[in-house]
Amino acid sequence: MSTLTVWKFQSAEGAEDMETSLKSLQKEGLIKIIDAAVVSWPADRAKPRTKQLINLVGAGALSGTFWGMLFGLIFLMPLLGAAIGAAAGALGGKLADVGIDDDFIAEVKEKVTPGTSALFLLTTDEVPDRIVEALPDGGAELLHSNLDTQSEARLREIFGEEAD
């Protein structure tokens, strides 16, 4: 089963600072990262920066299109025009079929604000206690949505990608 987790950090750098820890957890076999991305939102910026962590993922990674659309739905919707908004609405409906629904989007939008960051992970075979141990003390909050195998396959179908 694949799991999509979102970890919110209390600083704009916190999510990116986790990359080394995640590499270690992966080497120890405690987590298999299918894909990962970070959102960093410095307090003095109007919108967040996003980045796919390609150094952590293998051939089965989702494309930047997935992350771009997801982050667009979460952080940029008010800035988009009506035509793009309608298309995003249709995409949002498809994402809801795989557990990324309006509640998930609203929660991330509410909690990831200027001065914070978030780590988005699509994983399998994780040992949650070890992941929590690698996080900074009191510096991360877990927001998550579980994806089963069918949901992951549906997500890949939405974005026209083949699973490994």
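**Salt bridges and core contacts in a predicted model**

The structure holds three salt bridges, a salt bridge being a side-chain nitrogen of Lys or Arg within 4 Å of a carboxyl oxygen of Asp or Glu. The model is predicted, so local features need pLDDT of at least 70 and side-chain atom pairs count only at pLDDT 80 or more, whereas totals for chains, interfaces and linings use all residues. Residues are numbered from 1 along each chain as its sequence is written, and side-chain values use heavy atoms, with hydrogens and water left out.

Glu16 lies in helix H1 (residues 14-17) and Lys51 in strand S3, so the pair ties together parts that are 35 residues apart in sequence. Helices (H or I, at least four residues) and strands (E, at least two) are DSSP runs, numbered from the N terminus. Glu16 is partly exposed at 30% relative accessibility, and Lys51 is partly exposed with a relative accessible area of 37%. In these terms, buried means under 20% relative accessible area, exposed over 50%, and partly exposed in between (1.4 Å probe, protein chains only).

The side chain of Lys111 meets that of Glu107 in a salt bridge (3.7 Å, N to O). These two residues are four apart in helix H5 (residues 102-111) and are therefore separated by about one helical turn. Lys111 also forms a salt bridge with Glu141, with the closest N and O atoms 2.7 Å apart. This pair links distant parts of the chain, as Lys111 is in helix H5 and Glu141 in strand S5 (residues 140-147), 30 residues apart. Through shared partners, the salt bridges join Glu107, Lys111 and Glu141 into one network.

A search of the whole structure finds one aromatic pair. Rings of Phe, Tyr and Trp (its six-membered ring) pair if their centres lie within 6.5 Å; planes under 30 degrees apart count as stacked, over 60 as edge-to-face and the rest as tilted. The ring centres of Phe71 and Phe120 are 4.9 Å apart and the planes stand at 70 degrees, so the pair is edge-to-face. Phe71 belongs to helix H3 (residues 64-76) and Phe120 to strand S4 (residues 116-124), so the pair ties together parts 49 residues apart in sequence. Both Phe71 and Phe120 are buried.

Arg49, in strand S3 (residues 49-52), is partly exposed with a relative accessible area of 40%. Its C-alpha is 9.8 Å from that of Phe71, a residue 22 positions away in sequence. Neighbours within four places in sequence aside, Arg49 is in contact (heavy atoms within 4.5 Å) with Glu16, Val38, Val39, Ser40 and Pro42.

Over the whole protein, seven helices and five strands are present, in the sequence order β-α-α-β-β-α-α-α-β-α-β-α. Buried residues account for 45% of the 164 residues. Of the contacts between residues at least 6 apart in sequence, 82% join residues at least 24 apart.
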